Amino acid sequence: MSLEFKHIPVMSEDIDKILAPYKSGIYIDCTFGGGSFTKKILSEKNTRVISIDRDDFVESFSKEIKKNYRNRFEFIIDKFSNLENILKERNLQNKPVAIIFDLGLSSFQIDNPERGFSYRQDGLLKMTMGKNNISAHDIVNKLNQKDLRNIFSLFGEDKDSGLIAKLIVQKRQDKEISSTQELAEIILRAKRYKNSKYNKVDSCAKIFQAIRMIVNQELSELYKGLISAIKNLSIHGKIVVITFHSLEDKIVKKIFDIFSNKTKGTSRYLPESNKNENFNILEIKDRKPIIVSKKEINNNNRSRSAKLRSAIKIQDHSFEFKRSYLNLEKYFQIEEICVNK
Ligand SMILES: C[S@@+](CC[C@H](N)C(=O)[O-])C[C@H]1O[C@@H](n2cnc3c(N)ncnc32)[C@H](O)[C@@H]1O
């Protein structure tokens, strides 16, 4: 396959610093994409990598890697929310020494107009990363005005969410909204009407990203993936997560906080009734995320919102974690409501 689109890996030096020195053992790359992190890990001696991606488009890249690392590399097309089953099915003798999440989209997805992710190119409204139940077309044409407004205000933080939702519902009474450009035009019409000082790129990007997050159930995926990673990691194993959206970072921060409650007493995020539960499983070096350097942003503008958090597993014991501890139920519920409508 010709590589028309190229994905530049984000924060790879920071990831490398966290993972080094590379121990022998199993590494899980939950977001294979162009395979840069997978390749780097495989280039270290005695490592084994299981890579996951929900997008079957990237399978061909995995075949190239397989040629050089037949016995140490496996690629699986699946969602990382299924990590626990993926590991169980393999009946591994040892638990993974590191689990990596590099969230969001690869350039192979964003830059391909046929995938319908970008307002910059005309394409059918899809935004599916792979293994989806719904598409952007369903969201835009089937949800009621209130759900649309909620998606735009909660996930896109757009102050004109109500008007954008209203214009979408009006427009689709004439005919279905099928293309990225039709949707972008409606967003910009709402902005012009409000006469707000708007930035075309930001306005469209936020609404498109909000829809994409619902289509791919990105917050629930992250929550399920992270909890499985914490359960299944080996002692001294590392979890590394790169996020691109403030809600994603919030989920990672809260989960890491709750599971590393040793140093600062019980996490402030836990409800009173659960303060005595033992979630002391991780250690985090820094409560603040690592952010991208100016140099990296200059080389790759798409990295600008990336934040990296990591943790080390220090103890292993079973736990019962409830999603509601994160106090983000309204976001998870919108994802659920929209996918079931
Ligand atoms: C930012 S790219 C990863 C790039 C990769 N680290 C590299 O350097 O080439 C994110 C990838 O994760 C995949 N992905 C996103 N959410 C996923 C999920 N819930 N399960 C599995 N793969 C997912 C996307 O399809 C995409 O290929």
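Me: How many disulfides are there, if a disulfide is a pair of cysteine sulfur atoms within 2.5 Å?
Reply: The count is zero disulfides. Before we go on, this is a predicted model, where local features need pLDDT of at least 70 and side-chain atom pairs count only at pLDDT 80 or more, while totals for chains, interfaces and linings use all residues. Residues are numbered from 1 along each chain as its sequence is written, and side-chain values use heavy atoms, with hydrogens and water left out.

Me: OK, and is Cys204 buried or exposed?
Reply: Cys204 is buried, at a relative accessible area of 1%. Buried means under 20% relative accessible area, exposed over 50%, and partly exposed in between (1.4 Å probe, protein chains only). Cys338 is buried as well, with 3% relative accessibility.

Me: New topic: which residues are closest to the ligand?
Reply: The closest are Gly34, Asp53, Asp102, Gln109 and Glu221, out of 24 residues that surround the ligand (a heavy atom within 4 Å).

Me: What does Asp53 do there, in terms of distance to an oxygen atom of the ligand?
Reply: An N or O atom in the Asp53 side chain is 2.6 Å from a ligand oxygen atom. The protein buries 98% of the 610 Å² that the ligand exposes when taken alone (Shrake-Rupley method, 1.4 Å probe). Gly34 comes in through a backbone N or O atom, 2.8 Å from an oxygen atom of the ligand. For Ser36, a side-chain N or O atom is 3.1 Å from a ligand oxygen.

Me: Now the strands. How many residues of β4 are buried?
Reply: Five of its five residues are buried in strand β4, residues 98–102. Strands here are DSSP runs of E with at least two residues, and helices are H or I runs of at least four, numbered from the N terminus. Ala98, Ile100 and Asp102 point one way, and Ile99 and Phe101 the other way.

Me: Which strands pair with β4?
Reply: Strand β1 (residues 25–29) pairs with β4 in the parallel sense over three bridges, and strand β5 (residues 238–243) runs parallel to β4 with five bridges. Pairing takes at least two DSSP bridges between two strands. Ile99 is the bridge partner of Ile28, and Ile239 in β5 is the bridge partner of Ile99.

Me: Last one: where is Met127, and what is its phi?
Reply: Met127 lies in the loop between α5 (107–110) and α6 (136–142), with a positive phi of about 65° although it is not a glycine. Most residues other than glycine have a negative phi. Met127 is buried, with a relative accessible area of 0%.

Technical notes: A disulfide is a pair of cysteine sulfur atoms within 2.5 Å. A polar contact is a pair of N or O atoms within 3.5 Å; within protein, one must be able to donate a hydrogen and the other to accept it, and residues adjacent in sequence count only if both atoms are side-chain atoms.
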